[in-house]
Amino acid sequence: MEFTTIDYTIFVLLLVLSSAIGLFYALSGNRQRTVQEFLLANRDMSCLPVALSLLATFQSAVAILGVPAEIYRFGTEYWFLGCSYFLGLLIPAHVFIPVFYRLHITSTYEYLELRFNKTIRVLGTVTFIFQMVIYMGVVLYAPALALNAVTGFDLWSAVLTMGLVCTLYTTLGGLKAVIWTDVFQTLVMLAGQLAVIVVGAQRVGGMARVWHVAQQEGKIAGIDLDPNPLERHTFWTLAVGGVFMMLSLYGVNQAQVQRYLSARSEREAKLSCYAVFPCQQIVLCLSCLTGLVMFVYDREHPLRPTQHSSSFDQLVLFFVMDVLQDLPGLPGLFVACLFSGSLSTISSAFNSLATVTMEDLVRPHFPGLSESRATLLSKLLALGYGLLCLGMAYVSSMLGPVLQAAISIFGMVGGPLLGLFCLGMFFPCANPTGAAVGLLAGLAMAFWVGIGSLLSSMGRAGGVPSTSNSTALPTAGNLTTVLATTLLPPVLTPSPTGLQRFYSLSYMWYSAHNSTTVIVVGVLVSLLTGPTPPAALDPRTISPVVPRLLCCLPPKMWQWLCCRVGDPAQTPSHGDATEKSNGMPNGLGPPGQREEEEEEGQGYIRSATTPAYALQETSF
């Protein structure tokens, strides 16, 4: 179908308003004249816009197309992923946010230098940049391609429009513009999905009939408690493996951590994390309901054979355009919904990439850089990454069958980075050598399993990638889910044996598997090469929940993991709490130790004469 004038008007209005928000923040306040204002929104954001921005960052257009396609094909089992959201957001709020916020850092990877050394910081930064650059072109090109195939919307006009508008408001308005455009674009995404569900359900007899028909056809899944990690989706795979996936997104990803750090207080940062939980559940419900309505609608209004032969992600667009074709403006609203997903994801990528490049690669080499020059350079970096995104979109258009491998590379990086941060926060014994070897081991394991799985599936299917163990198109950032897409129908293959079983590990366990590899290898190498000396450990870099987590361990193991200092059985008195520790160096003591009251948001106390610190414990 062709767009009407009203549809084009709604679409253009989205782009104009997004650009206007960027221009507003470029011309108001301090006009983005400082690095802190440009990269951290001057650290004065409240919890609600931060929460909606956290949500929008990883709700890309490929998720809006991919999740309904997943439900359409395989039923509602994917819905159980919502069970992982509780711990996946509670743990970052009480484990990661206190550490990052109290260190007053700008880049997540500054933490790695404070905990280990500059080499580990650079390794983490380069890994993240590689991860994001690979994905930027895909998240820009893929939805534009699907839109072009279904509506005839000019492909490169869509790519250039999204890329340039996003580059404009990100470069001019900084993080504050990114966050507020995310808020606006989140509302557009919700409105577009809700319109499709309401109109589609009404045309097949209501939501009750949709549920009844889906249940009769076996699309409403029960709880599958099969513990087999090779099964693509079970309750344990989604609810437990999904927790690690969520941690890699909401715990240590620069795009999300940067939003926590933009909050005006640690409490606001935590509240924003809590607020994401119901929002994520609503978004998941809308996507799943869209898939069910699409399934029932397709039974009563079958698509043409040429449409059925398209990829499943394009089927979502065919369904939407068919349902909304008699309602001028609503097709434009859904297209605006798709473009909002892409804009929110790409703008977050631009801003986070500019941040880590500036803070981790430029400032350390030019410590005397003035504030005005640093701000200008940050804006130029955002602009440069915007233009690079357009270049990557063009590369994506020429990748062909290699596109899936390119997307897979992104997903192979999230788990090892999560493991690296966990190694630093939970294991005081870890040293820089263990961190470097652990990260490299985790990346090697991730690429071995990921590429092995891809090549194995291509071999079994005669050169066509199988999606028997894959998921829907990946959500931005959450690309541990990316080892395959719904671009191709599933291929039935015999049960794997030998090494094939290893390659058949469910994609949902990838984050857990790869992060565990980093931690195990990192701890072993650290113990073999000599744990971190107590005097060299800054306790602010250790998570405040560590004493409680390690309290159940035998004293000997406590000593090994905590640099062999002290005995957890010995508890200091209140008066000695800030001067000595038993089990943890420099004032980090075992459970039961009471610390002095501290000002919220600071999290540590520096003495004027000694480098002792007092940590504030955080409980769940």
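The following conversation goes through a predicted model and the reasons behind its labels.

User: What should I keep in mind about numbering and confidence here?

Analyst: Residues count from 1 along each chain as its sequence is written. As this is a predicted model, local features need pLDDT of at least 70 and side-chain atom pairs count only at pLDDT 80 or more, while totals for chains, interfaces and linings use all residues, and side-chain values use heavy atoms, without hydrogens and water.

User: What is the mean pLDDT of the protein chain, and where is it below 50?

Analyst: pLDDT is the predictor's confidence in each residue, from 0 to 100. The chain mean is 77, and 77% of the residues reach 70 or more. Over residues 462–493 the value is below 50, and that stretch has 117 contacts in the model beyond near neighbours in sequence; a contact means heavy atoms within 4.5 Å. Residues 564–620 also stay under 50, with 134 contacts beyond four places in sequence.

User: How many helices and strands does the protein chain have?

Analyst: There are 23 helices and zero strands. Both are DSSP runs numbered from the N terminus: helices are H or I with at least four residues, strands are E with at least two. Of the contacts with a separation of 6 or more, 81% join residues 24 or more positions apart.

User: Why is H5 called largely enclosed?

Analyst: Buried means under 20% relative accessible area, exposed over 50%, and partly exposed in between, with a 1.4 Å probe and protein chains only. In H5, 16 of the 18 residues are buried, so the rest of the structure largely encloses this helix. Across the 620 residues of the chain, 62% count as buried.

User: Why is the pair of Tyr111 and Phe421 called stacked?

Analyst: Rings of Phe, Tyr and Trp (its six-membered ring) pair if their centres lie within 6.5 Å; planes under 30 degrees apart are stacked, over 60 edge-to-face, and the rest tilted. The structure holds 15 such pairs. For Tyr111 and Phe421 the centres are 5.8 Å apart and the planes at 25 degrees, so this pair is stacked. Tyr111 sits in H6 and Phe421 in H18 (residues 403–426), 310 residues apart, and both are buried. Together with Phe100, Tyr109 and Phe128, these two form one aromatic cluster.

User: What makes the pair of Trp156 and Tyr394 tilted?

Analyst: With centres 6.0 Å apart and planes at 50 degrees, the pair counts as tilted. Trp156 lies in H8 (residues 155–203) and Tyr394 in H17 (residues 371–399), so the pair ties together parts 238 residues apart in sequence. Trp156, at 31% relative accessible area, is partly exposed, and Tyr394 is partly exposed at 48%.

User: What makes the phi of Arg43 and His104 worth a look?

Analyst: Most residues other than glycine have a negative phi. Arg43 has a positive phi of about 55 degrees although it is not a glycine, and His104 likewise has a positive phi of about 55 degrees without being a glycine. Arg43 is in the loop between H2 (35–40) and H3 (47–57), while His104 is in the loop between H5 and H6.

User: Are those two residues buried, partly exposed or exposed?

Analyst: Arg43 has a relative accessible area of 18%, so it is buried. His104 has 44%, so it is partly exposed.
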